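Please open the model in a viewer and keep the selection panel at hand. The stops below proceed from the overall layout to a pocket and then to the ligand.

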Amino acid sequence: MSKNSISNSVIRRLPRYHRFLGDLEANGYVRISSRELAEKMGLTASQIRQDFNCFGEFGQQGYGYNVKELRGEIGKILGLDVSTPMILLGAGNLGKAIAAHIDFRNRGFELIGIFDANPAVVGGKIGELTVKSVDELEEFCKANRPEAAILCIPKGEAEKEADRLISYGVRAFWNFTHYDLRISHKDVAVENVHLGDSLTTLSYALSGISGKEKEDKE
Ligand code: NAI
């Protein structure tokens, strides 16, 4: 089955499979059955079999999945077998935390440059990288060809900077600004991230639990 024909909901589950299989590999697992993996991940075995059937013949009846092979295949689908050069715009509170704490290499990216508009921030060090001025962005992109960018800048700057970066060859955005980037180029990928949405989902889950507790008491 081609990559494009895998449904979006399966694709959304792949990073989690990849992470779990990585932990299993690190703990010495060579094979795992769909039932055992399902128990560990809080899913059903049939869900796991259905998901993995989307991209090939991995399991053997009664023999389970080869953890390393399966993780490698999921990694390929997720594009983790390549290292895409990436830059970050906005070395403020969030940008610094992301640059310092995300394991880019294990996720198919390499952070090669950090840029900020504030001269007081430019020149500071984050890990091994020195924050550069946005004035150097065009020249840097011409020389280093970053294909992806992280946006940790104010909302009002997002569209303008995204357009500029596209003109410099960037074709993927990990966008943290609360501006929902909707880029019309079909060959530009966008992942809008809202931590607040995740918190709201937690609130919804909690209200379900609280409602159930109330019902149980009644
Ligand atoms: P901050 O004010 O600490 O950092 C923003 C940085 O961007 C500053 O250093 C500023 O000089 C720089 N900047 C401004 N315009 C720029 C440009 N055109 N090019 C390069 N650098 C530029 O803000 P903070 O707290 O780090 O937040 C950054 C963004 O992320 C904000 O838009 C904020 O609303 C958003 N945010 C989003 C979250 C999410 O879940 N998506 C969570 C937290 C913040």
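Predicted model: local features only at pLDDT ≥ 70, side-chain atom pairs only at ≥ 80, totals over all residues.

Residues are numbered from 1 along each chain as its sequence is written, and side-chain values use heavy atoms, with hydrogens and water left out.

**Stop 1: the domains**

Select 3-77 as domain 1 and 84-196 as domain 2; these bounds come from an automatic or database domain assignment. Their centres, taken over C-alpha atoms, are separated by 31 Å.

**Stop 2: the largest pocket**

Next, select Pro15, Leu78, Leu80, Arg107 and Phe109, which lie nearest the centre of the largest pocket among its 41 lining residues. A pocket is an open set of points on a 1 Å grid over the protein atoms alone, where a 1.4 Å probe fits, with protein on both sides within 12 Å along at least five of seven lines; lining residues have an atom within 4 Å of a point. The volume is about 1,800 Å³, counted as the space filled by probe spheres set on the points.

By class, the lining has 18 nonpolar, 9 polar and 14 charged residues, with Asp, Glu, Lys and Arg counted as charged.

**Stop 3: the ligand**

Finally, select the ligand and the 21 residues around it, of which Leu94, Asp116, Glu161, Val193 and Leu195 come nearest; a residue belongs here if one of its heavy atoms lies within 4 Å. A nitrogen atom of the ligand is 2.7 Å from a side-chain N or O atom of Glu161. Ligand oxygen also lies 2.7 Å from a polar backbone atom of Leu94.

Key:
Polar contact = N/O pair within 3.5 Å; in protein donor to acceptor, adjacent residues only side chain to side chain.
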